[in-house]
Amino acid sequence: MLASVMAPLWACILVAAGILATDTHHPRDSALYHLSKQLLQKYHKEVRPVYNWTKATTVYLDLFVHAILDVDAENQILKTSVWYQEVWNDEFLSWNSSMFDEIREISLPLSAIWAPDIIISEFVDIERSPDLPYVYVNSSGTIENYKPIQVVSACSLETYAFPFDVQNCSLTFKSILHTVEDVDLAFLRSPEDIQHDKKAFLNDSEWELLSVSSTYSILQSSAGGFAQIQFNVVMRRHPLVYVVSLLIPSIFLMLVDLGSFYLPPNCRARVVFKTSVLVGYTVFRVNMSNQVPRSVGSTPLIGHFFTICMAFLVLSLAKSIVLVKFLHDEQRGGQEQPFLCLRGDTDADRPRVEPRAQCAVVTESSLYGEHLAQPGTLKEVWSQLQSISNYLQTQDQTDQQEAEWLVLLSRFDRLLFQSYLFMLGIYTITLCSLWALWGGV
């Protein structure tokens with residue numbers, strides 16, 4: 001009874017298992033597996049993939065600048081992030097798509113096929129890029145290889161016009177071993193399309209991408225001619241942050257020091273004021289020194305202006321210190337020194353301490369009153385009068401010499417003021433001109 005009931009049930013289970021077995025394909029039976037196995041079974045990646053060895057393999061290149069990561073003017077290094085694409089034809093990796101379920105494109109391991117030895121000539125550091133182990137291959141044998149890479153390259157950076165500088169750095173792609181007879185290069189897109197394409201660039205950094213021009217050339221050497229394609233990355237700096245943090249404070253401090261020339265030349269407050277300005281300018285230079293790029297080949301123009309401004313500050317302060325010190329010594333040297341003066345009149349019969357000149361006049365009048373009739377005292381009176389006359393002449397000469405020094409230093413002060421105005425005007429005009437040229441690029 002039980003056997004008669006279970007017999008139809010086992011028949012249904014076997015039929016269902018057969019249906020599932022016919023619907024489930026083993027991976028080894030798939031068309032993609034057979035195609036990959038057939039393409040790589042007898043493939044030799046050590047051989048350049050052409051049937052006629054005299055025919056060159058043409059590699060088509062394309063480049064997208066993704067970001068400008070760092071511009072190191074001191075070490076003359078540019079760090080950029082680029083999307084790089086290589087396309088070439090492999091005659092050993094073509095198939096008839098109708099024989100493989102109309103498969104027209106597959107991905108294959110890059111390590112399993114032949115790849116061109118294209119390098120960047122300006123490389124100065126290891127290539128930092130994510131590992132993309134696969135490439136696309138279509139039925140005609142065309143291979144597409146995409147590479148997002150960080151390029152650390154040498155570049156001749158010119159910082160003379162900082163912060164209104166425009167840099168032009170090149171990335172030269174070429175084969176390191178194969179001559180143009182074996183591996184040739186070509187553009188995947190037209191140079192015009194490459195030059196004005198900025199859709200992949202992230203414009204949120206210090207630098208703005210202007211253009212990427214490209215040229216094809218053949219480099220001749222003793223080993224033969226090597227095809228190369230050079231991409232020139234032209235970029236310019238955004239100067240607003242440096243205008244606010246460097247140029248405007250510098251011009252403001254120069255104007256403040258310029259106002260100190262309206263103080264009297266012999267005023268000691270002028271020395272204190274100029275000293276304060278010089279200290280403030282020095283602190284400003286030290287704090288902002290890291291923002292100015294340093295290069296062995298060229299010094300930024302604003303660095304020259306900063307140095308000239310510092311020289312004017314020091315020269316003006318030194319002149320003010322010398323003038324005040326000179327006048328102070330002259331006043332101390334010409335100051336009358338009090339001494340003990342013996343009065344001979346009856347109203348004050350005790351000695352008094354009085355200035356030398358006053359004492360000389362009093363002594364002369366006293367002697368003249370008491371000894372007018374005595375001939376022996378006339379010589380003493382005459383010598384006293386001569387001393388007074390010599391003193392007055394010396395005082396006049398000192399005052400005249402002081403006035404001449406004042407006139408000379410006033411002329412020098414006026415010349416320094418005019419030079420300061422001229423330098424400040426040239427400074428402003430130059431920066432405005434550089435800004436205008438920067439905007440016109």
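I started at W435, which sits in helix α8 (residues 378-440). Helices here are DSSP runs of H or I with at least four residues, strands are runs of E with at least two, and both are numbered from the N terminus. This is a predicted model, where local features need pLDDT of at least 70, side-chain atom pairs count only at pLDDT 80 or more, and totals for chains, interfaces and linings use all residues. Residues are numbered from 1 along each chain as its sequence is written, and side-chain values use heavy atoms, without hydrogens and water.

W435 has 37% relative accessibility, so I note it as partly exposed (buried is under 20% relative accessible area, exposed over 50%, partly exposed in between, with a 1.4 Å probe and protein chains only).

Then I turned to the sheet. I found an open sheet of four strands in the order β4-β7-β10-β9, paired antiparallel. Strands count as paired if DSSP finds at least two bridges between them. β4 (118-120) and β9 (207-221) are the edge strands; each has a single partner, so one side of each lacks a neighbour in the sheet.

I checked one pair inside it. Strands β7 (residues 166-175) and β10 (residues 224-237) run antiparallel and are joined by nine bridges. F173 has I229 in β10 as its bridge partner.

Last, I read the UniProt record. Its unreviewed entry lists residues 240-259, 271-289, 301-322 and 420-438 as "transmembrane region"; such annotations may be inferred rather than shown by experiment, feature names are shortened, and positions follow the numbering used here. I compared two spans with the model. Residues 271-289 are 89% helix and 0% strand, with end C-alpha atoms 27 Å apart. Residues 301-322 are 100% helix and 0% strand, with end C-alpha atoms 32 Å apart.
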